Amino acid sequence: MAKITLDNITEEVTDALGKNGDISARQREIMTSLIKHLHGFCKDVKLQHHEFIAACQFLARAGAVCDGGRQEFILLGDILGVEVLVDMLSNPVTGTESESTVLGPFYRENPPVLPKGASTVIKEFPNQETVYFEGYIRDTDGTPLADVTIDVWEDAPNGLYENHDPDQPEFNLRGRFETDENGHYAFRALRPVDYPIPDNETAGELLRFMGHHPMRPGHMHFIVSKDGYRPLISQIYDSSSKNLDNDSVFAVKESLIGEFRKAGPDLDTDLHVAFDFRLKKDAASDRIAAE
Ligand code: BEZ
Ligand code: FE
């Protein structure tokens, strides 16, 4: 019978992995590293028992907040920079493809399918600024891609996404567009404003514990997809936002900052954003082509 000590506890736990049941190599890899880092963290900060209990109670409160509309653990992961880190590990940039960033909790599947150039605005807001978004979707060689599906969504000038605001109509400021035969997309929308991530529950507790604020810089969300290419989940950030360097979820990438310029006389919007994306071939479709 081993005597458990401060020096051997980590090894005792990792040695127990798979002792009484089969586990895969990946399970072993994940659990070994998790146990080592968790034990290292507890030793590093000399975690006290009342702090451990407070953390367990915090996690229980976070679990109780989750329902169909709110996934509190993703929000906690966002605040700790974990969602953006995992996204960079899952979608490493290896060539000229566009950078991805976090999906966030506000996406809705099957948005209204709209023709090129149409507006996503269903409800008008006082002082809203209208924007014409347009650009080209290309592959990593620069060839324009036709028939690319582009889902877009954003918050309203009151800082709320439609599905969190009972005063906005269904699917306001959301749409699904396609590129034309030249790989060009275009749609009309509103200037996205800086807004706070949901911070009324444990996400807010964590932000305050970290001495951070809940604000995100104004951005338009995109999912750009086409068969044979890796779907790109990304955002265009407003270069004039005051929270660009102080994002509560650390998701801003320099390559995703767009210029919201005054629109020319040929446009019926206040502002104009030109922004191109590049898609990387799906590794699976490369394999199929080679076979
Ligand atoms: C968003 O951009 O919509 C978002 C991302 C992470 C957490 C909360 C919101
Ligand atoms: Fe957002």
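**Ligand 1 and its shell**

The largest cavity is the space that ligand 1 takes up. This is a predicted model, in which local features need pLDDT of at least 70 and side-chain atom pairs count only at pLDDT 80 or more, while totals for chains, interfaces and linings use all residues. Residues are numbered from 1 along each chain, and side-chain values use heavy atoms, without hydrogens and water.

Me: Why is the space taken by ligand 1 called a cavity?
Reply: On a 1 Å grid over the protein atoms alone, a cavity is a set of points where a 1.4 Å probe fits but cannot get out. The space taken by ligand 1 is therefore a cavity, and the largest.

Me: Which elements give two or more residues to the shell around ligand 1?
Reply: They are helix H4 (72-79) and strand E7 (219-225); helices (H or I, at least four residues) and strands (E, at least two) are DSSP runs, numbered from the N terminus.

Me: What makes the pair between His 219 and ligand 1 a polar contact?
Reply: A polar contact is a pair of N or O atoms within 3.5 Å. A polar side-chain atom of His 219 lies 3.1 Å from an oxygen atom of ligand 1, so the pair counts. For His 221, a side-chain N or O atom is also 3.1 Å from a ligand oxygen atom.

Me: How much of ligand 1 does the protein bury?
Reply: The protein buries 100% of the 260 Å² that ligand 1 exposes when taken alone, by the Shrake-Rupley method with a 1.4 Å probe.

Terms used. Chains lettered and ligands numbered in written order. Polar contact = N/O pair within 3.5 Å; in protein donor to acceptor, adjacent residues only side chain to side chain. 1 Å grid on protein atoms, 1.4 Å probe; cavity = no way out; pocket = protein on both sides within 12 Å on 5 of 7 lines; lining within 4 Å. Sits in = over half its atoms within 2 Å of the grid points.
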